[in-house]
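This report describes selected parts of one protein model, taken element by element. Please read it alongside the sequence and the structure shown here.

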Amino acid sequence: MKEIKPSKPQADLHGSSIYNRVRTGLDSDSLKAAVTEILLYQQGRTKDNASLNDVYMAVSLAVRDRIKLREITTMEKALQHKDLRIVSYMSAEFLTGPQLASNLIDLNIYEEMKQAVTELGFDFDRVVEQEEEPGLGNGGLGRLAACYMDSLASLGIPAIGYGIRYEFGIFDQEIIDGWQAEKTDKWLRKGNPWEIERPELSIDVNFGGYAESYTDEKGKTFYRWIPDYMVRGIPCDMPEMGYKASTSNLLRLWKSEAVETFDFFSFNRGDYYKAVENNVRSENISKVLYPNDELLDGKKLRLKQQYFFVSCSLQDMMRIHLGYGGKPEDFHQRFAVQLNDTHPAVAVAELMRLLLDEYKLDWDVAWNTTCRTFSYTNHTLLPEALEKWSVALFRYLLPRLLDIIFEINFRFLQEVSKRYPGDNEKLSRLSIIEEAGERYVRMANLACVASYAINGVAALHTKLLKKHILADWVDLYPDRFYNITNGVTPRRFMVLSNQPLSRLITETIGDKWPGRLDDLRKLEPFSKDLAFIEQFKKVKLENKKHLATIVHNLTGIKINPASLFDIQVKRIHEYKRQHLNVLHILTLYLRIKNNPGLKVVPRTFIFGGKAAPGYFMAKRIIKLINSVGDLVNSDRDVNDRLKVVFFPNFNVTNAQHIYPAADLSEQISTAGKEASGTGNMKFAMNGALTIGTLDGANIEIRSEVGDDNFFLFGLTTEQVDETRRSGYDPHFIYSHNTELRQVLDLISSGILSNGDKELFKPIVDNLLWDDPYRLMADYPLYISCQEKVSATWENTKEWNEKAILNVARMGKFSSDRSITEYCEKIWKVRALK
């Protein structure tokens with residue numbers, strides 16, 4: 001639907017053209033009037049005494065006004081269509097990124113608002129930069145959820161995203177003496193103009209206590225949960241606008257508080273802590289994203305978080321469904337509920353509880369409804385990442401749900417026994433309850449038993465999922481399994497993040513491509529157009545200069561924009577192999593030290609990413625990267641050719657500066673470990689070439705862009721498996737590879753750690769005697785491939801042709817394509833007309 005920008009006031013719902021201009025007008029004069037009015041009447045400021053944050057809030061509220069009517073209209077129309085399913089996307093995190101600039105682009109009023117703010121006497125760029133990044137997510141899982149919400153709205157699919165409104169994000173990362181330091185992410189301290197809190201729609205959630213049976217007047221047995229205490233969930237709504245669309249969906253996030261926030265009796269007795277104890281305990285649930293769960297209290301809080309947002313969300317959906325004339329047993333006809341990994345999997349038992357205990361449905365009817373409601377996305381190939389909770393903890397916090405899970409499992413295992421008589425091992429593997437040693441509830445099994453569809457997130461991931469992690473489930477329910485390769489939104493990661501490249505593309509092929517990314521194929525002929533190549537090179541250089549300025553301001557390190565920007569930014573984890581990248585840097589370092597006249601392509605190595613606070617090895621890898629940076633950057637023999645930077649606090653905001661500036665994208669995880677990856681897509685969309693293994697979505701990216709436009713190295717998944725079967729001796733590789741031995745000996749020598757030979761010993765010992773992620777095996781292949789990278793870089797024309805073809809062939813990796821496949825294959829939903 002084409003966006004209409006009224007050139008003169010129009011009557012609105014209130015019959016007032018003046019009101020309409022201020023609240024909904026899209027021209028610069030209307031926007032200027034809106035900002036001025038909000039500054040005065042909501043901020044209590046004039047443009048002469050307003051702070052930068054006052055202006056940011058006023059501009060954001062003016063934009064929110066223009067989205068709100070679209071949101072209300074979308075939901076009302078969707079709910080009035082009884083045959084139209086609404087997608088409910090349940091996720092523990094939504095890494096949305098800053099909203100202001102994104103919403104301006106979606107509304108197609110970026111330039112108009114820039115003009116309005118400038119005419120009011122403010123610096124538009126500073127106003128945009130004033131926004132705090134919402135601390136609602138951490139990594140790929142949350143960013144994927146945000147991309148999918150963007151695409152749902154852009155495609156006109158009615159949807160509600162359900163999650164938790166965390167008061168504090170995971171943490172802000174600072175680098176102190178080379179080490180990661182975690183600081184509180186106080187993202188809400190200056191207010192959040194995008195959310196509307198709705199206490200009148202609050203929902204109460206049970207915890208603890210016990211379940212008891214009772215008989216109704218007809219002699220039928222039911223159960224009720226008698227909780228120890230209840231927690232209240234307050235919905236906080238944020239809009240999710242579609243790109244140049246009339247559709248705006250809803251992100252409904254739950255904030256926790258006590259049912260009784262203040263104990264007046266205890267306060268009067270002088271017990272001031274007791275007076276607020278319930279409120280503190282309740283508010284902790286939505287306090288922090290991913291609390292450390294190494295200790296029992298952390299595990300309790302994680303499980304409470306998951307159940308809290310799931311229960312609030314299902315009760316909310318049921319209230320909406322019944323309010324529009326639905327029946328409990330028809331719940332699945334109104335909502336298609338997607339479980340984004342296992343965090344919301346407890347929803348299966350909670351929906352059963354609601355249908356059985358609250359709405360008094362028979363078991364078979366309730367189970368039929370439940371199994372037609374949920375679909376489940378698996379995001380991992382690491383068995384240890386499949387969530388499970390101890391039965392004892394489950395009984396302590398969620399006794400009624402545990403009873404229901406036991407009953408689901410009992411009935412399910414009866415079915416399995418009939419299918420596979422005498423196969424007790426299969427029975428044990430499929431059971432929702434793990435019985436060996438301490439008993440656990442397996443959340444992936446709970447999700448699989450109740451979901452009508454189960455999907456992986458890349459072709460290789462789905463293949464390995466079906467072959468290994470969920471093989472028994474494939475055998476039992478083969479028709480439930482699908483692959484839907486992940487995608488990312490080009491609106492944020494091209495149109496917003498890389499405006500110079502976006503302008504060049506639009507001038508070349510027209511302006512429809514952000515909503516139809518396959519149109520980028522029209523760029524292919526321009527990969528050999530010398531004039532276009534020069535413009536493309538100029539855009540890339542300007543992006544690199546911009547990033548160089550930011551790096552210098554943040555770290556004090558000066559980097560050369562003309563050098564090859566070799567970038568690896570992602571969560572720090574051993575399987576992602578940031579330390580393999582480090583081995584390459586030290587290899588180049590030693591080559592130059594041994595032969596100062598050696599010709600080496602100038603490179604700037606940029607790392608970024610957070611390590612989980614309790615992940616010892618990952619935090620040591622960050623220290624290693626920074627120690628190598630200190631060595632390289634201070635050595636005059638080397639630092640005109642090599643520079644190493646660790647970019648602190650990698651998040652969506654910083655990613656928007658980094659992706660457009662990359663020349664080389666490091667996607668070097670061990671084959672068979674990465675489910676998909678989406679950073680690989682964002683880099684390639686912005687004209688970076690990839691060096692990578694045949695892992696995750698790398699395989700499909702290589703297939704799309706062409707083998708010649710992708711730097712491939714490393715063992716395949718099958719070869720990695722073979723090293724496990726045949727025996728793997730990393731120390732043998734160390735003994736027989738001179739350069740590798742010199743690099744590891746350098747790390748062990750203490751040169752990187754002020755003489756402390758113990759500091760990096762855990763990393764080196766792990767590589768020499770275990771090497772679970774096969775760095776040693778892949779090292780010579782990686783070094784050889786990097787030499788091909790350098791040779792290609794020296795041929796500027798060839799490099800830029802390949803980079804342009806990467807951009808041109810990334811259409812498949814739009815999240816619009818992913819969501820279209822979910823709609824057609826799994827949810828069976830259609831767009832709202």
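The buried residues of H31 are Ile 763, Val 764, Asn 766, Leu 767 and Leu 768; buried means under 20% relative accessible area, exposed over 50% and partly exposed in between, with a 1.4 Å probe and protein chains only. The model is predicted: local features need pLDDT of at least 70, side-chain atom pairs count only at pLDDT 80 or more, and totals for chains, interfaces and linings use all residues. Residues are numbered from 1 along each chain as its sequence is written, and side-chain values use heavy atoms, with hydrogens and water left out. Helices (H or I, at least four residues) and strands (E, at least two) are DSSP runs numbered from the N terminus.

The cover over the buried residues of H31 includes helix H23 (578-594), helix H24 (616-633), helix H29 (730-736), H30 and helix H32 (775-793). Helix H30 (residues 738-748) packs against helix H31 (residues 761-769) at an angle of about 150 degrees, and their axes are 9 Å apart. Axes are lines fitted to C-alpha atoms, for helices over the stretch in contact, and angles run from 0 to 180 degrees between N-to-C directions. That angle makes H30 roughly antiparallel to H31; the classes are roughly parallel under 35 degrees, roughly antiparallel over 145, roughly perpendicular from 65 to 115, and oblique for the rest. The H30 and H31 crossing is left-handed, a term for a near helix turned anticlockwise from the far one by less than a right angle, clockwise being right-handed. At this packing, Leu 744, Ile 747 and Ser 748 of H30 meet Val 764, Leu 767 and Leu 768 of H31, where contact means heavy atoms within 4.5 Å. Just after H31, Asp 771 has a positive phi of about 50 degrees.

An open sheet is formed by 6 strands in the order S20-S19-S18-S21-S22-S23, with parallel pairing. Its edge strands, each pairing on one side only, are strand S20 (642-647) and strand S23 (711-712). Two strands pair if DSSP finds at least two bridges between them. Strand S21 (residues 664-667) runs parallel to S22 and is joined to it by 4 bridges; Leu 664 has Leu 689 as its bridge partner in S22. Helix H33 (residues 796-808) lies across strand S18 (564-569), S21, S22 and S23, at about 90 degrees to S22.

Thr 690 belongs to strand S22 (residues 689-692). Its relative accessible area is 1%, so Thr 690 is buried. Apart from neighbours within four places in sequence, Thr 690 is in contact with Leu 664, Ser 665, Gln 667, Phe 710 and Phe 711.

## Strand S2

In strand S2 (residues 159-164), 6 of the 6 residues are buried, so the strand is largely enclosed by the rest of the structure. Ala 159, Gly 161 and Gly 163 point one way from S2, and Ile 160, Tyr 162 and Ile 164 point the other way.

S2 has parallel pairing with strand S1 (residues 86-90) through 4 bridges, and Ser 88 has Ile 160 as its bridge partner in S2. S2 also pairs in the parallel sense with strand S10 (residues 248-258), over 5 bridges; there Gly 163 stands opposite Leu 253.

## The three-stranded sheet

Another open sheet has 3 strands in the order S13-S15-S14, and the pairing is antiparallel. Strand S13 (388-390) and strand S14 (433-434) are its edges, each pairing on one side only. S13 is joined to strand S15 (residues 440-442) by 3 bridges, with Trp 389 opposite Val 441 in S15. Helix H17 (residues 443-450) lies across S13 and S15 and runs at about 45 degrees to S15.

## The nonpolar core

The largest nonpolar core has 268 residues, of which Met 113, Phe 394 and Trp 827 touch the most other members. Such a core is a set of buried Ala, Val, Leu, Ile, Met, Phe, Trp, Tyr and Cys residues joined through side-chain atoms within 4.5 Å. Helix H3 (residues 52-80) gives the most to this core, with 12 residues. Not counting residues up to four places away in sequence, Met 113 touches Leu 31, Val 35, Val 59, Ala 62, Val 63, Leu 104 and Phe 124.

## Ser 527

Ser 527 lies in the loop between helix H21 (499-509) and helix H22 (530-555). Ser 527 counts as buried, at 5% relative accessibility. Leaving out neighbours within four places in sequence, Ser 527 is in contact with Ile 533, Glu 801, Ile 804 and Leu 805.
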